[in-house]
Amino acid sequence: MVIEMGNYAMKDLKIVGDGTYPGGDYERVAITGNGIVSGNVVAKEAKFTGSCTVQGDATFQYFKITGQGDVEGDLISEEVKVTGELNVGSIRTELLKIKGFLNSSGNIEVEEMNVKGGFDIEGSQNVGQLVVNLQMAPSAVTEIGGEEILIKSKSLLNRKYRLEADLIEGDTIYLEYTTAKVVRGNDIELGPGCQIGLVEYRENFENRDSKVGEAKKI
């Protein structure tokens with residue numbers, strides 16, 4: 001995914017401390033403190049530190065959050081890195097890295113997603129590669145569809161957090177501490193702590209230490 005930014009010169013938007021500034025097209029957006037962008041915003045690069053809000057849609061080539069970021073609309077970016085918490089409508093990106101928590105009221109479309117923490121996604125996740133280490137809090141999503149899906153649960157205090165989903169479908173799937181109605185894929189492996197209603201597999205299925213209502217080859 002390549003985001004076209006145009007060839008014209010654009011100014012920077014910098015907010016330090018408390019402040020509210022209009023949306024628009026910028027070269028770079030840097031917010032440190034408690035900043036608000038009132039409206040849609042487009043920039044090559046955006047870095048939020050503190051508590052920052054976009055009151056609209058956000059389109060960036062690169063987006064980094066340290067603290068809490070709120071995008072009230074949809075987020076489109078080539079790369080998103082979160083250390084803390086991101087609240088957003090929907091996301092479309094090539095790379096999404098989260099150390100913390102993601103709240104999304106829409107769908108997630110991403111090529112590569114790496115999570116150390118958790119997420120609450122009201123829509124669906126469409127991913128190429130998904131790697132999750134469940135920490136901090138329970139996670140939930142309606143549907144996950146992808147190629148490689150890896151869900152583990154291991155916190156610093158060895159506390160186990162769970163993921164709840166209606167459907168998980170992929171080519172290669174490994175799950176721990178996951179509750180799902182249906183898991184469907186080519187190669188499926190269940191580690192400890194899962195509760196799955198129905199497993200449908202095409203090639204291989206291995207259950208180490210989980211509860212499964214029914215498993216069938218399709």
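# A tour along the strands

Begin by selecting strand β6 (residues 139-153) together with strand β7 (residues 163-175), which pair in the parallel sense over 11 bridges; two strands count as paired if DSSP finds at least two bridges between them, and strands themselves are DSSP runs (E, at least two residues) numbered from the N terminus. Within this pairing, pick G145, whose bridge partner in β7 is E169.

Before going on, note that this is a predicted model, in which local features need pLDDT of at least 70 and side-chain atom pairs count only at pLDDT 80 or more, while totals for chains, interfaces and linings use all residues. Residues are numbered from 1 along each chain as its sequence is written, and side-chain values use heavy atoms, with hydrogens and water left out.

**The sheet**

Now widen the selection to the eight strands that form an open sheet, which run in the order β1-β2-β3-β4-β5-β6-β7-β8 with parallel pairing. At the edges stand β1 and β8, and because each has a single partner strand, one side of each is left without a neighbour in the sheet. Neighbouring strands here are turned by 25° against each other on average, direction ignored, where the axes are lines fitted to C-alpha atoms.

**The core**

Next, colour the largest nonpolar core, which has 54 residues, and in which L102 and M113 have the most contacts; such a core is a set of buried Ala, Val, Leu, Ile, Met, Phe, Trp, Tyr and Cys residues joined through side-chain atoms within 4.5 Å. Each of the strands β1, β2, β3 (75-88), β4, β5 (108-134), β6, β7 and β8 supplies at least two residues of this core, and the largest share, 12 residues, comes from β1. If you centre the view on M113 and leave out residues up to four places away in sequence, you will find that M113 touches L96, I98, L102, I108, Q125, V127, Q129, L130 and V131, where contact means heavy atoms within 4.5 Å.

**An aromatic cluster**

Select F48, F60 and F63, which form one aromatic cluster. The structure holds three aromatic pairs, a pair being rings of Phe, Tyr or Trp (its six-membered ring) with centres within 6.5 Å, called stacked if the planes are under 30 degrees apart, edge-to-face if over 60 and tilted for the rest. The rings of F48 and F63 have centres 5.0 Å apart and planes at 80°, so this pair is edge-to-face. The pair links distant parts of the chain, since F48 lies in strand β1 (residues 13-54) and F63 in strand β2 (residues 58-71), 15 residues apart. Both F48 and F63 are buried, a word used for under 20% relative accessible area, with exposed meaning over 50% and partly exposed in between (1.4 Å probe, protein chains only).

Move to S104 in strand β4 (residues 91-104), which is buried with a relative accessible area of 2%. A polar atom of the S104 side chain lies 3.2 Å from the backbone nitrogen of G106. Leaving aside residues up to four places away in sequence, S104 touches V88, G89, S90, D120, I121 and E122.

Finish at S210 in strand β8 (residues 178-217), which is buried at 14% relative accessible area and has a polar side-chain atom 3.0 Å from the backbone nitrogen of C194.

Conventions: Helices (H or I, at least four residues) and strands (E, at least two) are DSSP runs, numbered from the N terminus. A polar contact is a pair of N or O atoms within 3.5 Å; within protein, one must be able to donate a hydrogen and the other to accept it, and residues adjacent in sequence count only if both atoms are side-chain atoms. Axes are lines fitted to C-alpha atoms, for helices over the stretch in contact, and angles run from 0 to 180 degrees between N-to-C directions.
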